[in-house]
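Please look at the sequence and coordinates before reading on.

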Amino acid sequence: MAIPRDLKELNKKNIKSILRQQGAMTKAEIAEVTGLSVVTVNKLIRDLVENEEILEQDNSVATGGRRAVSYKINPNFQQVLVISLQEKWKKITYSFSVYNLLGEPEFVEDMSGEDLDITALKRNTKDLVCAFPKISCVVIGVPGIEIGGKLRAMDFPLLLNVQLRETLEAEVNLPVLVETDTNAAILGYKNRPVVEENIVGLYYPERFPPGAGLLMNGEILKGQNGLAGEIKHMPLQVDWDNFDFSVDEIKAHIRKMVLLTMSFYDPETIVLYTNFYFGQKDFTEELTEELKQVYPYATLPKIVLSRKFTTDYRIGLLAFGIDYLENNMTDWRI
């Protein structure tokens, strides 16, 4: 009996996802993990191999005169262009990276400068899409919020109010995903992997207001407008336009935010992303002790001080891109 098309595509997606995560597997192993019959797996594998979405392993193990063939994901069947914008060491930086489906970088270029505008962004993006024809989607991370198709509350003034997604899609004829930097970073932290399902990331740049990324029950929490985590507008009597970005002021603000985070979200983990140096004494222990005074009866969150914002940011953007490719079959190039 023929498999309905939608179910067939869903089963193919599941097989590709399993192979991407677990590596090479035989048909029997795939059938066992997916719960599909061997007959169904045979048909799906044949289609995936013919379409070059998966590859047959050449170094199969010989067993009793017959070889147990295994299959693996074709890492370059599709590629993802990841563009990350951020403030780093008090400079505006932007990175262009091309990854395959296994998260391996095929190209990475880091740049800095205050003059990145939509014209330069279009030019760099188009050049890379032409150079890497397997790029199937573009994911761009921004220190701001996209509302109604425009970038709002944007730290980089030359991109404020720009229709970034629509403009880039028209330029390269590919799907473009736009994601907030801290949301991407906390998804990247989750993809290390970790077991916690409720994680809050607090990101403190060195010249811009902080932001928060919220992972609740394993899902990124954005809110109606994407404003969840917009620390800048919290009524804490902070004048960010004239804020003294000193260690003492940052530590004082973090103390308030950790208490507020515990009160609002009660997470399992709080990740503090910052390049500020807080001295010899363990600042995370200080924060835990302060939480104990307020919540002596509660299981307290693990507090992690991390300098890996850039790494988690890029991993999270890539995760958004791969998830999109796994769940969308449309070919924009047609």
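The model is predicted: local features need pLDDT of at least 70 and side-chain atom pairs count only at pLDDT 80 or more, while totals for chains, interfaces and linings use all residues. Residues are numbered from 1 along each chain as its sequence is written, and side-chain values use heavy atoms, with hydrogens and water left out.

**Helix α4**
- Helix α4 spans residues 118-131; helices (H or I, at least four residues) and strands (E, at least two) are DSSP runs, numbered from the N terminus.
- From first to last C-alpha, α4 reaches 20 Å, close to the 20 Å expected at 1.5 Å a residue (1.5 Å times one less than the number of residues).
- Its buried residues (under 20% relative accessible area, 1.4 Å probe, protein chains only) are I118, A120, L121, N124, T125, L128 and V129.
- These residues lie on the same side of α4, because they cover an arc of only 160 degrees around the axis (taken from the directions from the helix axis to the C-beta atoms).

**Nonpolar cores**
- A nonpolar core is a set of buried Ala, Val, Leu, Ile, Met, Phe, Trp, Tyr and Cys residues joined through side-chain atoms within 4.5 Å.
- The largest has 30 residues, and L121, I140 and L164 are among those with the most contacts inside it.
- Helix α4 supplies the largest share of this core, 5 residues.
- Apart from this core lies another of 28 residues, including L101 and I220.

**K190**
- K190 sits in helix α6 (residues 181-190).
- K190 counts as buried because its relative accessibility is 16%.
- Leaving aside neighbours within four places in sequence, K190 is in contact (heavy atoms within 4.5 Å) with V195, E196, E197, I199 and L215.

Conventions: Buried < 20%, exposed > 50% of the residue type's maximum accessible area, 1.4 Å probe, protein only.
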